[in-house]
Amino acid sequence: MTSTTLPIGDAADEPPAQIIADASADHLVCKGLVKWHFTFASLFMLVSMTAGFVVSLQFVGAYPFENVHWLSFGRLRLVHTNAIAFGFLVNAFVGGMYYAVPRLTGRRVASHRLGWVILVVWQFLILATAVGQLLGYAQAVEWGETPTGFRPGTWDLNYIPVDFLVEFGAVLVAIQFLTPIAKSMFKRMYVSLWYFSAGIVWLILTYVMGNTLPEWTLSGSSGGATVGLYIHDLVGLFVTPMGWGLMYFFVPIILRKPIWSHALSVIGFWALAFFYPLNGVHHFLLSSIPMSVQYGAIISTMAVEIVVTTVVVNFFATMWGRGLALRTNLPIRWFYTGMVCYFITCLQCFFHVTLAVQKIIHFTDWVPGHAHMVMMGVFAFWVLGMMTWLWPRLVGNDWYNRRLNHWHYWLTMIGLVVMFVDLLAAGVMHGYMFMALAPWSDILNALKPFWDVRTFAGGMILLGQILFVYNMWQTARTPKPYDYRVDLVDPEAN
Amino acid sequence: MDRFTNVILFAGLGCFGFSFLMSGVYPYLITDGLVPETSIVELAKDVSVEFKELKASYPVAFGQSYPTAGAALTLEELAGLAEDDPRRAASESAWQDAYAVALRDGRDAYIAEVCFHCHTQYVRPVANESLRFGPVLAPANDNNALQRPMLWGTRRVGPDLTHEGRLRSNDWHVAHFFNPPDTSPGSVMPRFPWFFRDGWQVRRSIDPGKADRGGIDEGRSYPTPGVFETKAEAEAEMARLKETLPSALSGEKERLFVEAAKGPNGTALSIIAYLQWMGTWVPPVREPTP
C-alpha cells in the first residue's frame with residue numbers, strides 16, 4: 001500500500017501535500033504518548049461527565065453531597081465544564097496530533113522526552129485545577145475557571161498559580177508541534193497543519209488574554225467584552241481548528257480518498273480565521289457593551305455560520321461513493337454524526353444570535369442545550385470516533401468487544417439528542433414565561449419535568465462512556481490479534 | 001496562502017489581533033477607558049445601613065470577622081455617647097474599614113461558591129426585565145473593582161441580582177442561605193450549611209398568656225442577638241440581659257433560657273453585605289470634556 005496522496009491546488013511546480021498513510025511513518029510516531037494522552041482524556045471524560053450528572057441531580061432535588069463543602073453544587077459544576085475542555089479535549093487533541101503530525105510532515109515531533117514531560121505536567125495542572133476549584137479558588141471567568149492562584153483581582157497568592165503554568169504548558173505544546181510543521185519534508189502544508197499551527201498560536205494568545213485582562217485590568221463592561229472574546233475564542237480558535245484539523249486527517253485516511261475540494265478547505269480555514277474571533281461579544285448581547293460592537297459580533301457570527309457550511313459540504317462530498325461506510329465503519333459514523341451536529345449548531349447559532357431571538361432564549365436552558373450540542377455532539381463525537389479507530393492500533397489488540405462500541409455510540413447519540421431537544425424546549429418555555437412576568441416559582445416548577453428528562457439523558461450518555469472506557473481497558477489487557485484492514489472502508493483503494 | 005509563516009502571521013497573529021482591537025480595545029476606549037475604575041476602599045466610603053444592622057443582629061460573628069468592629073459603633077451604642085466624644089469620629093472610619101473588608105470578602109465568597117453560574121448581574125432592556133429587576137445599567141455602573149473580574153453571568157436559574165441591595169432584610173438572606181425553599185418556594189438553590197456556625201444563644205419563650213393571640217404555638221421562642229462560642233458566654237449574656245431589662249418587663253426574665261443554636265458565620269455576613277451593596281452604588285459623574 002502506498003501513501004494516500006492529496007492533490008493540493010494546481011501548483012504544478014511543487015509536489016502536492018501528502019498524508020503518509022502506510023506503515024512507513026510508524027517509526028516517527030511515539031505510540032506511548034498517544035496512548036497515555038488518550039487514557040487520561042478518557043479518565044477526565046469520566047470525571048467530567050460524572051460531575052455533570054451529579055450536578056444535574058441538584059435540579060431534581062436529589063443532590064447527594066448537600067453538606068460537603070468541597071463537593072458543593074457550584075464547585076462541582078466548574079469541574080464539569082473545565083475538565084471537559086482541558087482534561088478531555090486538550091488531552092485527546094494533543095494525542096491525536098502526536099499521531100497525525102508526523103504523518104503529515106514526515107518528521108518527528110520536537111522531542112519525545114519533552115512529550116512525556118508535557119504529559120505529566122498537563123495532568124498535574126488538570127488535577128491542580130480540579131482541586132483548586134473544589135477548594136474555592138476558581139477564577140470567575142467562564143471556561144477560564146482555572147485558578148489564577150491569586151485572590152480575585154489582587155496579587156495576593158493563595159493557591160498554585162495554575163493559569164500561568166497552563167500558559168507555560170501551552171508554549172511547550174507549541175514548541176513540540178510547530179517544530180516538525182516548520183521543518184516539514186513536504187513543501188506544501190496540508191489543511192490539517194494550517195488548523196493545527198494556527199490553533200496552537202491562538203490557544204496561547206487567547207489563554208493569556210482571557211485569564212489576565214478581565215482579572216487584573218478590565219472591569220465591568222470592557223471586561224465583559226474580553227470575557228466574551230475568551231469564551232468564544234477557546235471554542236472557535238482552539239477546539240474547532242483542532243477538531244477540523246483532525247477530521248481533515250482521519251476522514252481521508254479511513255476512507256482512503258483525498259478530501260473533495262482544496263478550494264473549499266481554503267475558504268473554510270480563512271473564513272474561520274477571520275470571522276470566528278470577531279464573534280466574541282455575542283455572549284453578552286443586549287448588555288452595556290457598546291451596541292456598535294454587539295452588531296459587529298452579530299454580523300460576523302452570521303457570516304461565519306454561512307462560511308463554515310463550505311467545510312461541511314466539503315466533507316459530505318468526500319463521502320460520495322463511500323456512503324456505506326456510515327453503516328459499516330463506526331469511526332466514520334462518529335465523525336459524520338458530529339458533522340451533522342456541527343451543521344445543526346451552526347444553523348441554530350445563525351438564528352439565535354439575532355437580538356429578536358436572544359431576547360427570548362438568553363439566560364435559559366437553551367444555552368446549555370446549545371453548548372452540549374457543540375462540545376459533546378461535535379467535538380466529543382469526533383474525539384470518540386478517533387479513539388475508536390486508534391485504540392486497537394495503539395495497544396496492538398483488537399477491540400475486546402465491538403458490540404460494546406455500538407452500544408456506546410447509540411447510548412451517547414440518543415442521550416445527546418434527547419438532552420438537546422429537551423433543553424431547547426425548556427429554554428423557549430422559560431423565555432416566554434419570563435417575558436410574561438410569570439412568578440419565579442412558577443417558572444421553576446414548569447422547568448422541573450424538563451430537568452428530570454435532562455438527568456435521564458445525561459445518565460444515558462454517562463453509561464455509554466463507562467462502557468467505552470471499560471472496553472478500552474479490557475482491550476488493552478486482553479491479547480487478541482488485530483488486523484488493521486478491518487477498520488478500513490476500502491483497503492484496496494489507492 | 002498555505003505557507004507556514006503565512007498561517008502563523010496572518011491567521012494566528014493577524015486575525016486574532018484584529019478581533020482584539022475591534023471587540024476588546026475599541027469598547028474599552030469608548031467606555032471604561034474614559035473614567036478611572038473605582039476602588040473597593042472608595043466604594044466602602046458610603047457604609048450601608050444594612051451593614052450596620054449586621055453588627056446589631058449578629059454581634060459575635062461580626063466582631064470575629066472585622067478587626068475594626070470594636071470601634072465601629074451601632075446607633076444604640078452611639079446614643080450613649082456625648083456629642084464631642086472622640087469615639088464618634090473614630091466610629092465612622094472604623095465602619096468604612098470594616099465595610100471594605102466585607103465587600104471584598106463577600107465578592108470573593110460569591111466567586112468561591114460560584115453564585116455567578118446561576119445568578120446574573122445585568123438587566124437587559126428587553127423581555128420586561130426592567131419591570132422585573134429594575135433599571136438597565138450603563139457601563140459606568142460596573143466600572144468598579146468589585147466587577148473585576150466582571151460577574152455578569154450567562155445563565156439565570158435564579159433571579160438577576162443587579163438591584164438586590166436593600167431589596168430584602170439581612171434576616172431574609174440568613175434564612176434563605178440556611179434553606180432556600182423556606183423563603184423562595186420551588187427554589188432549586190443548594191443550601192449553604194457552611195455559612196453557619198454552632199454556638200449557644202439566649203432565647204426568650206413566648207408569654208403563655210398571650211400565646212394564643214394569632215394562633216402562635218405555646219412552645220415557640222425567639223432568639224436574642226449573638227450566637228456565642230461557649231455556653232458560659234451565653235449564660236453571661238443572659239445575666240446581662242436580665243439586669244438591663246426595664247422593670248416593666250421583669251416578667252420576661254423568667255422566660256429567658258440558653259440553648260444550642262446556629263448563626264451566620266463571617267462568610268455569610270460578608271456575602272450579605274455584598275448582596276445588600278449591589279445596585280446601591282452611584283458612579284461618579286464624568287465632567288464633560290471642554
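Which residues touch the most other members of the largest nonpolar core? In this predicted model, they are A:L89, A:F250, A:W382, B:Y99 and B:A273, out of 223 residues in that core.

## The core

Helix α6 of chain A, residues 220-255, is the top contributor here: it gives 21 residues to this core.

Let's zoom in on A:W382. Leaving aside residues up to four places away in sequence, A:W382 touches A:G243, A:L246 and A:M247, plus A:W334, A:F335 and A:G338.

## Chain A overall

Chain A has 14 helices and two strands. Its C-alpha trace spans about 65 × 50 × 45 Å along the principal axes.

Take the contacts in chain A with a separation of 6 or more, and 80% of them come from residues 24 or more positions apart.

Most residues other than glycine have a negative phi, and most peptide bonds are trans. A few spots go the other way.

A:W143 is not a glycine, yet its phi is positive at about 70°. A:W143 sits in the loop between α3 (112-135) and α4 (162-182) of chain A, and counts as buried because it has 20 C-beta neighbours inside 10 Å.

Over in chain B, B:A127 also has a positive phi, about 55°. Its place is the loop between α6 (86-112) and α7, and B:A127 is buried, with 21 other C-beta atoms within 10 Å. Then there's the cis peptide bond between B:R148 and B:P149, with omega about 0°; B:P149 lies in the loop between α7 (129-133) and α8 (170-178) of chain B.

Terms used: Residues numbered from 1 in each chain as written. Chains lettered and ligands numbered in written order. Predicted model: local features only at pLDDT ≥ 70, side-chain atom pairs only at ≥ 80, totals over all residues. Helix = DSSP H or I, 4+ residues; strand = E, 2+ residues; numbered from the N terminus. Contact = placed C-beta atoms within 7 Å. Core = buried A, V, L, I, M, F, W, Y, C linked by C-beta atoms within 7 Å. Buried ≥ 20, exposed ≤ 12 C-beta atoms within 10 Å, placed from the backbone.
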